[in-house]
Amino acid sequence: MANTVLNNASLSTDQTQQSGSLPQDRIRRLVWKLSIATLLLMAVGSATRVMNAGLACPDWPLCYGELVPAAQMNFQVFLEWFHRLDAAGIGLGTIALVGLSGWYRRELPQWLPWASLFALALIVFQGVLGGLTVTELLRFDIVTAHLGTALLFFSTLLVIGCLLLPYQGTGHVGKLTGCSTTAAILVYFQSILGAVVGSQWALHQCFGSSQLCTVMNSHIIGVVPPTLVTLTLVVFAWRTSALHPRLRKLANMAGACLVAQIVLGVATFYLRLQVEPLTVAHQAMGATLLGTLVCFSTLALRDRQLSVISN
């Protein structure tokens, strides 16, 4: 069933691309802009946590009862305020995505309006969680769900963008699709574990009072499965001579992101979160690795469908 849906989506996308759909080009550009804004949003969100700025604005959705709290503005207030501003912009952009998908639905793939509505539902839920993080005083499970939803929204945008890309696969993707999808799922859950560690300050708790060491160690041990699967993906991508150049580039990017993420993680651990930019970069690189794997998986699935249709 899933293969049939993807097959229809790919065929519909390819047919629309061949006709040179201007609405589809505009929507694709909007989706990429929203993806970049979402990555920035997650980085700023990480900065608000490590800088203890999560409650710098004590109310929600306003900040000190104002749209722009000029009188109270300092670095911490700015971080939380800018985080909300970016989130509001992404919300408006997602509403525009739904509107454009509905208005031009006859010129677009049939799946696009539904995918846009799903993205909007995620951003609405994300907004609710954002409010609860403030009103519930940064409760760790809500903070974790907040990041998990952001990563899911980010991944959804990337899937939409990759399905709208002009792409003619080579049909030689082999088993790389399953490998990249598995890696993406493992990286997602490893990111959730990282959010639990961060929201509970488990590293500080473990080093300071030997508490929550199990949480911290789970995240450390959890690095192994996604690392092995991602490395497997990179090696097999190198060994697949007829692989599409775009997929090869994404595999190389995934390998580079993985190495950078491990280096940042080790540095963050040994410096005990004392260098805030390292911690922010660690989370941002994790999201970038996830996004790279999601893009690879989406294009690989399109490539695989081409192989199935050809046979």
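Let me start with a term: rings of Phe, Tyr and Trp (for Trp, its six-membered ring) pair if their centres lie within 6.5 Å. Planes under 30 degrees apart count as stacked, planes over 60 as edge-to-face, and the rest as tilted. Searching the whole structure by that rule gives four aromatic pairs.

Before the details, some ground rules. This is a predicted model, where local features need pLDDT of at least 70 and side-chain atom pairs count only at pLDDT 80 or more, while totals for chains, interfaces and linings use all residues. Residues are numbered from 1 along each chain as its sequence is written, and side-chain values use heavy atoms, with hydrogens and water left out.

Back to the rings. A pair of aromatic rings is described by the distance of the centres and the angle of the planes. Phe 78 and Phe 82 make a stacked pair, 5.8 Å centre to centre with 20 degrees between the planes. Both sit in helix H3, four residues apart, which is about one turn of the helix. Helices are DSSP runs (H or I, at least four residues), numbered from the N terminus.

Phe 78 is partly exposed because its relative accessibility is 36%. Phe 82 has 28%, so Phe 82 is partly exposed too.

Now an edge-to-face pair. Phe 269 and Tyr 270 are 5.3 Å apart, centre to centre, with 90 degrees between the planes. Phe 269 is partly exposed at 26%. Tyr 270 reaches 65%, so Tyr 270 counts as exposed. Ring pairs also link Phe 78, Trp 81 and Phe 82 into a cluster.

Stay with H3 for a moment. This helix covers residues 75–103, 29 residues in total. From first C-alpha to last, H3 reaches 41 Å, close to the 42 Å expected at 1.5 Å a residue. That expected span is 1.5 Å times one less than the number of residues. At the start of H3, a side-chain oxygen of Asn 74 comes to within 3.1 Å of the backbone nitrogen of Gln 76.

Next, the inside. A nonpolar core is a set of buried Ala, Val, Leu, Ile, Met, Phe, Trp, Tyr and Cys residues joined through side-chain atoms within 4.5 Å. The largest one here has 36 residues. Among those with the most contacts inside this core are Met 42, Leu 151, Leu 289 and Phe 296. Which helix gives the largest share? Helix H11 does, with nine residues. Take Leu 289: leaving aside neighbours within four places in sequence, Leu 289 is in contact (heavy atoms within 4.5 Å) with Val 187, Thr 230, Ala 254, Cys 257 and Leu 258. Another core lies apart, with 19 residues, among them Leu 108, Ala 115, Leu 122 and Leu 163.

Polar residues get buried as well. Ser 180 is in helix H6. Its relative accessibility is 0%, so Ser 180 counts as buried. What joins the side chains of Ser 180 and Ser 297? A polar contact of 2.9 Å does. The term means a pair of N or O atoms within 3.5 Å; within protein, one must be able to donate a hydrogen and the other to accept it, and residues adjacent in sequence count only if both atoms are side-chain atoms. Beyond its neighbours within four places in sequence, Ser 180 also has Leu 233, Leu 293 and Phe 296 among its contacts.

Most residues other than glycine have a negative phi, and most peptide bonds are trans. The peptide bond from Trp 60 to Pro 61 is cis, with omega near 10 degrees. Pro 61 is in the loop between helix H2 (22–50) and H3. Tyr 64 lies in the loop between H2 and H3. Tyr 64 has a positive phi, near 55 degrees. Trp 201 has a positive phi as well, near 50 degrees. You will find Trp 201 in the loop between H6 and helix H7 (202–209). The charged end of Arg 49 sits over the ring of Trp 201, 5.8 Å from its centre. That label requires NZ of Lys or CZ of Arg within 6 Å of the ring centre and within 35 degrees of the ring normal.

Definitions and conventions:
Helix = DSSP H or I, 4+ residues; strand = E, 2+ residues; numbered from the N terminus. Buried < 20%, exposed > 50% of the residue type's maximum accessible area, 1.4 Å probe, protein only.
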